[in-house]
Structure formats: structure tokens, C-alpha cells
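Please consult the sequence and the structure shown below while reading.

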Amino acid sequence: MTEPNSASAHGLVQWHSTTIIGVRRGGQTVIAGDGQVSMGNTVMKPNARKVRRLGADGRVVAGFAGATADAFTLFERLEKKLEAHGGQLLRAAVELAKDWRTDKYLRNLEALMIVADADAMLVLTGNGDVLEPEMQGETVIAAIGSGGNYALAAARALVDYEDDPEKIARRAMAVASDLCVFTNDRLTVERV
């Protein structure tokens, strides 16, 4: 993500701050994200929806961290890839990543995404990476954004004491919102 006082290609200060976490456990996956949109040191909106369902049937859930307009572009592109590849998330994600790396317009987009369906959870990066998070015992956890490391650490600590992936995600997000000034406690949570 961009450092707080760095300039974008247009010379404006941009903040790419949020927290998104994905937790897969016991055949269920939850993606949760906070609602805060910040510009500089100002909270511009406290209740943005950064987690949403994609595809005609809503079987894919995605959460983004990064520039909002860029994320909406990526959501739209991923939906088109899902349609083109019969709802196969891994194939659609790989095709999106190829475009993200090679397309002159897409290469300039600044966002990260966690995407999941019933079979997989992936992290998509602006470098064109499609990463499958490592399992910790029976649990897969991925977190991105400014509070991502706080949420990731909290979730890893919770997996030995909690079985419900939604409870893990919500508690991890609470820890992140307590520690990261660019993350709030107004969550959007989607379960696959």
C-alpha cells in the first residue's frame, strides 16, 4: 500500500487504508471488512461496503483494500472473468491477474483483493499475483490493508480457541480497529 505521505501519479496524496480479513474453517469461509474511507487524516466515510458478493449467483465473495475506484474496476473485471469461465474462481482470478499485469490501464490500478468461493480463498495483488494463503492447522487466514497484520495476528491467536470463522473474523477486526487508526468497527461480513 502507499505510504501515508507519498504522492500518486497525479501528485495528490492518496490513502489506501482499510482492513479486510478472510477466514476459512470447517467448510465455511467468511470475509469481513471495515467501513472507513480516509483521505489524509480525515475520515471521509465511516460505512463503505468493501466486501461484496460477485457473479450472477453470488457464490464468490470479494473484499478490497486500496483506491476505491480501482477496486470497483477490479470487481467489475473479475465478474466478467467469472462469467467467461463458468464461475470458476481460480481460473477467473488467474485471467484477471494476467490482464492486471499486462494491460496498460490496469497496471496503474492500486488495490489488493481477497476473493473466495466454496472451494478456494485467494489474495490478488496489483503485481499480478494470485496467492493461496497457507493453512494453519484446519484454518486458512488472509488479511490485507493497513490493519491487515493486526487482524492476521489476532485471528491466528484465536484459532486455537474458536471454531466459528465469523467469530474469528469479527474479533480479529475488533483488534485491528482498536490498533489501526485507518480501520473502524463498522463491518461488512459475508459468508460462503
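A contact means heavy atoms within 4.5 Å. Among contacts in the chain between residues at least 6 apart in sequence, 60% join residues at least 24 apart.

## Basis of the model

The model is predicted: local features need pLDDT of at least 70, side-chain atom pairs count only at pLDDT 80 or more, and totals for chains, interfaces and linings use all residues. Residues are numbered from 1 along each chain as its sequence is written, and side-chain values use heavy atoms, with hydrogens and water left out.

## Overall build

The chain holds four helices and 12 strands; helices (H or I, at least four residues) and strands (E, at least two) are DSSP runs, numbered from the N terminus. The chain is as compact as a globular protein of 192 residues, because its radius of gyration is 16 Å, close to the 16 Å given by the globule rule. That radius is taken over C-alpha atoms, and the rule is 2.2 Å times the number of residues to the power 0.38.

Of the 192 residues, 48% are buried. Buried means under 20% relative accessible area, exposed over 50%, and partly exposed in between (1.4 Å probe, protein chains only).

## The five-stranded sheet

An open sheet has the strand order β5-β6-β7-β8-β9, with antiparallel pairing. Its edge strands are β5 (51–54) and β9 (130–131), each of which pairs on one side only. Two strands count as paired if DSSP finds at least two bridges between them.

Strand β7 (residues 111–116) pairs with β6 (residues 60–66) in the antiparallel sense over six bridges. Val-61 has Ala-116 as its bridge partner, while Ala-62 has Val-115. On pairing with β8 (residues 121–124), β7 forms four antiparallel bridges, and Val-115 stands opposite Leu-122. Four residues lie between β7 and β8 in their hairpin.

Six of the six residues of β7 are buried, so the strand is largely enclosed by the rest of the structure. Ala-111, Met-113 and Val-115 point one way, and Leu-112, Ile-114 and Ala-116 the other. In a regular strand the side chains alternate between the two faces of the sheet.

## The annotated position

An unreviewed UniProt entry places the feature "active site" at Thr-18; UniProt positions follow the numbering used here, feature names are shortened, and annotations may be inferred rather than shown by experiment. Thr-18 lies in the segment before β1 (19–25) and is buried, with a relative accessible area of 2%.

Not counting residues up to four places away in sequence, Thr-18 touches residues including Lys-50, Phe-64, Ser-146 and Thr-183.
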